[in-house]
Amino acid sequence: MPASMRSEARAAAWLGRYLWSAWAGATGLLCLAAAWQAAHELYGDFVLPDPLTTLMTLADLATEPGLGAAVKETGLRALTGFLLAAGIGTAAGTIAGYSFAALRLMKPVVTFILGVPPISWIVLALIWFGASGGSAVATVIVAALPISFAGALEGVATRDRGLDAMARAFGAGPLRRFRDVTLPHLLSYLFAAWTTAIGTAWKVAVMAELLGNSGGIGGALAKARALFDIPQVMALTVLVVLCALGSDHLVLQPLREAAERWRTAGQPWGVKR
Amino acid sequence: MKLRLENIGHAFLGRTVIEGMNLAFAAGEIVALVGPSGCGKTTLMQIAAGLVVPLRGRVHRAYRRHAIVFQEPRLLPWLTARDNIAYGLACAGTPRRHRREIAAARAREVGLEADDLGKFPAELSGGMRQRAAVARALAVAPDVVFLDEPFSAVDVGLRRMMQDHLAQAAAREGFCALFVTHDLGEAARIADRLVVLSARRRGIVDLRAVPGRPGARDERFVFDLVAAWSREEAFAELLDGAGRLQ
């Protein structure tokens with residue numbers, strides 16, 4: 001079947017391109033590792049363990065049964081919080097984007113909530129929900145919801161009204177116009193917001209766990225801090241970063257690429273790959 | 001009469017643009033709406049097309065379908081040229097296969113190659129995008145086509161080709177075209193009838209038939225016609241740039 005073969009070839013080409021683009025990312029990360037190594041040699045083992053020791057500690061930690069469970073626990077909290085925040089925030093932001101009154105009313109509220117430091121939410125959530133997983137999830141929602149709300153609001157508000165008029169002239173109803181004209185434009189705002197939101201979700205979940213001593217990676221981090229085990233602190237930090245990067249680059253970015261093939265069509269080669 | 005505007009009046013934020021305008025358009029005729037910038041010709045077209053609701057007056061429509069070609073191509077960037085040309089058909093509920101065939105045929109008419117149909121608008125040149133916009137409008141087999149200075153940004157050769165194509169299509173398919181332009185030469189080439197608007201007097205200054213058949217007039221004739229018009233009082237405001245600065 002030539003048609004399916006062609007689509008397979010296209011998928012393979014896409015995967016190749018996607019993996020190839022990882023090289024550029026790896027180059028940047030290795031530069032960072034070099035700077036880290038230099039700082040380690042300047043300040044010594046106690047202040048900043050070197051990258052290799054950190055990776056060895058991480059590998060050691062990975063063999064222990066507790067770590068997998070901790071990652072799963074934190075991941076579940078971050079993901080639950082993210083999905084709820086992205087779902088509610090996106091829906092509310094999209095509706096608000098269509099109404100000037102809602103836009104004017106909600107924008108200062110969102111700006112205000114975005115200005116509240118997550119640590120305050122954590123303290124409040126600990127008081128309201130106790131030191132359980134619930135407070136971590138609640139904090140993630142409060143921290144990530146305004147981000148996706150603002151993204152959706154901005155996306156709908158900046159839709160191309162000329163294209164909307166064109167679709168209306170050809171007899172497209174409101175639902176079709178949302179699907180054909182607003183949504184593809186909105187998606188680029190949403191993916192940017194969701195990328196920020198999922199990173200925030202991991203960070204805030206770990207923070208809430210650490211302060212509430214409610215298990216997960218945050219709990220492990222609290223233990224390492226109590227023992228003054230700096231390599232372990234660094235290893236856990238790297239682990240959280242890897243988790244956040246992984247959920248962005250392995251889940252969100254491929255979805256984005258698939259949804260926005262039209263955008264890459266007009267880009268120069270250096271931006272594309 | 002396919003389309004009739006009755007006593008239309010409109011204002012933006014209290015500033016009157018159009019007042020007491022009466023116009024009627026018959027099947028198969030191309031009417032050019034000329035006038036200086038700010039005289040309300042685009043507003044009038046948007047009212048006729050139903051994109052703007054007029055403050056006063058009524059629009060009577062006795063047709064099934066209309067289409068618009070805007071000043072900019074207004075193609076959806078996330079659809080290929082083929083899907084863009086077929087967009088009006090998709091809105092009308094034409095089955096996918098059928099609308100692809102129509103889109104391909106209409107693309108051929110305006111000189112777009114089969115290769116170009118799979119491309120996104122970002123990969124097409126400005127002229128190709130505008131041609132796709134014309135193909136999109138004609139693909140729905142409209143009874144009335146509204147064109148808002150559609151060829152002001154395309155090169156001379158392409159402009160002539162598109163003007164001729166439009167005139168031939170109107171004659172062949174019998175649609176009525178309302179053509180907004182500020183280019184007298186363009187109006188002289190392809191219009192059956194001319195409506196001259198004024199910004200100062202907020203209304204129609206002159207209505208006249210253009211001799212000859214649209215698209216069949218030769219260059220010499222068009223040139224002489226524009227030269228003759230430019231000496232007339234009716235076109236003075238359109239051609240007088242300095243007077244509008246005061």
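Mentor: Start with axes: an axis is a line fitted to C-alpha atoms, for helices over the stretch in contact, and angles run from 0 to 180 degrees between N-to-C directions. Keep in mind that this model is predicted.

Trainee: What is the angle between helix H3 and helix H4 of chain A?
Mentor: Residues 65-98 form H3(A), and residues 100-115 form H4(A). They pack at an angle of about 125°, with their axes 5 Å apart.

Trainee: What makes Glu73(A) and Arg77(A) a salt bridge?
Mentor: Their closest N and O atoms are 3.1 Å apart. The cut-off is 4 Å, so the pair qualifies. Side chains of opposite charge can pair when their charged atoms come close.

Trainee: How many residues apart are Glu73(A) and Arg77(A) in helix H3 of chain A?
Mentor: They are 4 residues apart, and therefore separated by about one helical turn. Over all chains, the whole structure has 25 salt bridges.

Trainee: How many salt bridges lie across the interface of chain A and chain B?
Mentor: The rule finds 0 there. Polar contact is another matter: 5 residue pairs between the two chains count.

Trainee: Which elements of chain A give two or more residues to the side that touches chain B?
Mentor: Helix H7 (161-169), helix H8 (174-212) and helix H11 (261-265) of chain A do. H7(A) gives the most, with 7 residues. That side of chain A divides into 11 nonpolar, 4 polar and 4 charged residues.

Trainee: How much area do chain A and chain B bury between them?
Mentor: About 1800 Å², with 72% of it on carbon and sulfur atoms. In chain A, Met166(A), Phe170(A) and Trp262(A) lose the most area to chain B, together 39% of what that side buries. In contacts, 19 residues of chain A touch 21 residues of chain B.

Trainee: Where is Ala27(B) found?
Mentor: Look at the loop between strand E2 (15-25) and strand E3 (30-34) of chain B. Ala27(B) touches Lys2(B), Gly174(B) and Cys176(B), leaving aside residues up to four places away in sequence. Ala27(B) and Glu173(B) are 146 residues apart in sequence, and their C-alpha atoms are 9.8 Å apart in space.

Trainee: What does the secondary structure of chain A come to?
Mentor: It comes to 12 helices and 0 strands. The C-alpha atoms of chain A fill a box of roughly 70 × 50 × 40 Å along the principal axes.

How values were computed: Residues are numbered from 1 along each chain as its sequence is written. Chains are lettered from A and ligands numbered from 1 in the order in which they are written. This is a predicted model: local features need pLDDT of at least 70, side-chain atom pairs count only at pLDDT 80 or more; totals for chains, interfaces and linings use all residues. Side-chain values use heavy atoms; hydrogens and water are left out. Contact means heavy atoms within 4.5 Å. Buried area is the accessible area (1.4 Å probe) that two parts lose on being put together, summed over both. A salt bridge is a side-chain nitrogen of Lys or Arg within 4 Å of a carboxyl oxygen of Asp or Glu. A polar contact is a pair of N or O atoms within 3.5 Å; within protein, one must be able to donate a hydrogen and the other to accept it, and residues adjacent in sequence count only if both atoms are side-chain atoms. Ala, Val, Leu, Ile, Met, Phe, Trp, Tyr, Cys and Pro count as nonpolar, Asp, Glu, Lys and Arg as charged, and the others, Gly among them, as polar.
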